[in-house]
Amino acid sequence: RGTVTAFSPFDARADAEALRKAMKGMGTDEETILKILTSRNNAQRQEIASAFKTLFGRDLVDDLKSELTGKFETLMVSLMRPTYIFDAHALKHAIKGAGTNEKVLTEILASRTPAEVRNIKQVYLQEYEANLEDKITAETSGYFQRLLVVLLQANRDPDGRVDDGLVEQDAQVLFRAGELKWGTDEEKFITILGTRSVSHLRRVFDKYMTISGFQIEETIDRETSGDLEKLLLAVVKCIRSVPAYFAETLYYSMKGAGTDDDTLIRVMVSRSEIDLLDIRQEFRKNFAKSLHQMIQKDTSGDYRKALLLLCGGDDE
């Protein structure tokens, strides 16, 4: 359900030559660069980079960095990162230096499948010779840290037959840990939301509504705060629907004054080959305008052109 698929007929050498020509000599032909890089999938972009090095003895990413600037440069360089390195790189930057970017940790770890999380951990170790979990625990604390660690174990129950008895039990445990209790038993929320299967949790949320009269999101909103609240809500939203979660993330990255370009680029690049078509549908349904229209209104120049090509169409 991605907007970017394998380009055919594909010729890595021809693309490499076109890119070199676009960046050689005076001035840069941004149009050619953005057209090629947004219409090839990630595996093809890696082949182009390798052909580029073979033909010219130059590094394509270094050339892009020296020829382009600003948000457009960030977007093009992001497209060139191998898929699995993309998330590892984003996480590394979220925990590097002064201050931690909790938003990035939340978005990536709440939305990726257990298999993807295992992949990210492995790549992180290969690329940065460091253990991702150690790095994250060093930079976070409290229940927020504990839920991140649970998600990093990537041991969510696989989807299978749902046991009604356990659904009822989990819903009651959450009700007692939140609404019925003075103070909140965060640990119960962390264990249940971090380890049960997706289909089981969807049933738990319905049952919870029946028992308590509240959506689980309302309870989390009332009973928790700060980074833990944001992470719990992100997990719940992703259990309900990953595309809806990303549609909302994209909407808020552009709503109001100023644009959160880092989030906009991260989501557009990371979901372009996975479920951006579904995200577009959810966007249209939930925000009464299309993703295409909002990008059009909120961005400009080559950056806008490239984002619109990744978006892949308007949903009137």
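Asn42 lies in helix α3, residues 42-56; helices here are DSSP runs of H or I with at least four residues, numbered from the N terminus. With a relative accessibility of 7%, Asn42 counts as buried, a term for residues under 20% relative accessible area with a 1.4 Å probe and protein chains only.

## Basis of the model

The model is predicted, with local features requiring pLDDT of at least 70 and side-chain atom pairs counted only at pLDDT 80 or more, while totals for chains, interfaces and linings use all residues. Residues are numbered from 1 along each chain as its sequence is written, and side-chain values use heavy atoms, leaving out hydrogens and water.

## Helix pair α4 and α5

Two packed helices are described by the angle between their axes and the distance between the axes. For helix α4 (residues 60-67) and helix α5 (residues 70-80), the axes come within 9 Å and cross at roughly 175 degrees. Axes are lines fitted to C-alpha atoms over the stretch in contact, and angles run from 0 to 180 degrees between N-to-C directions. This makes α4 roughly antiparallel to α5, the class for angles over 145 degrees.

On the α4 side, Leu60, Val61, Leu64 and Lys65 make the contact, and on the α5 side Glu73, Met76, Val77 and Met80. The residues of this contact comprise 6 nonpolar, no polar and 2 charged. Nonpolar denotes Ala, Val, Leu, Ile, Met, Phe, Trp, Tyr, Cys and Pro, charged denotes Asp, Glu, Lys and Arg, and polar denotes the others, Gly among them.

## Helix pair α11 and α13

The axes of helix α11 (residues 164-177) and helix α13 (residues 198-212) come within 8 Å and cross at roughly 55 degrees.

The contact of α11 with α13 has 8 nonpolar, 3 polar and 5 charged residues.

## Helix α10

Helix α10 (residues 142-153) has 12 residues and spans 17 Å from its first C-alpha to its last, close to the 16 Å expected at 1.5 Å a residue; the expected span is 1.5 Å times one less than the number of residues. Its buried residues are Phe144, Gln145, Leu147, Leu148, Val149, Leu151 and Leu152. Among the elements covering the buried residues of α10 are α7 (102-111), α8 (114-128) and α9 (132-139). Just after α10, Ala154 adopts a positive phi of about 55 degrees.

Terms used: Helices (H or I, at least four residues) and strands (E, at least two) are DSSP runs, numbered from the N terminus. Buried means under 20% relative accessible area, exposed over 50%, partly exposed in between (1.4 Å probe, protein chains only). Contact means heavy atoms within 4.5 Å. Angles under 35 degrees count as roughly parallel, over 145 as roughly antiparallel, 65 to 115 as roughly perpendicular and the rest as oblique.
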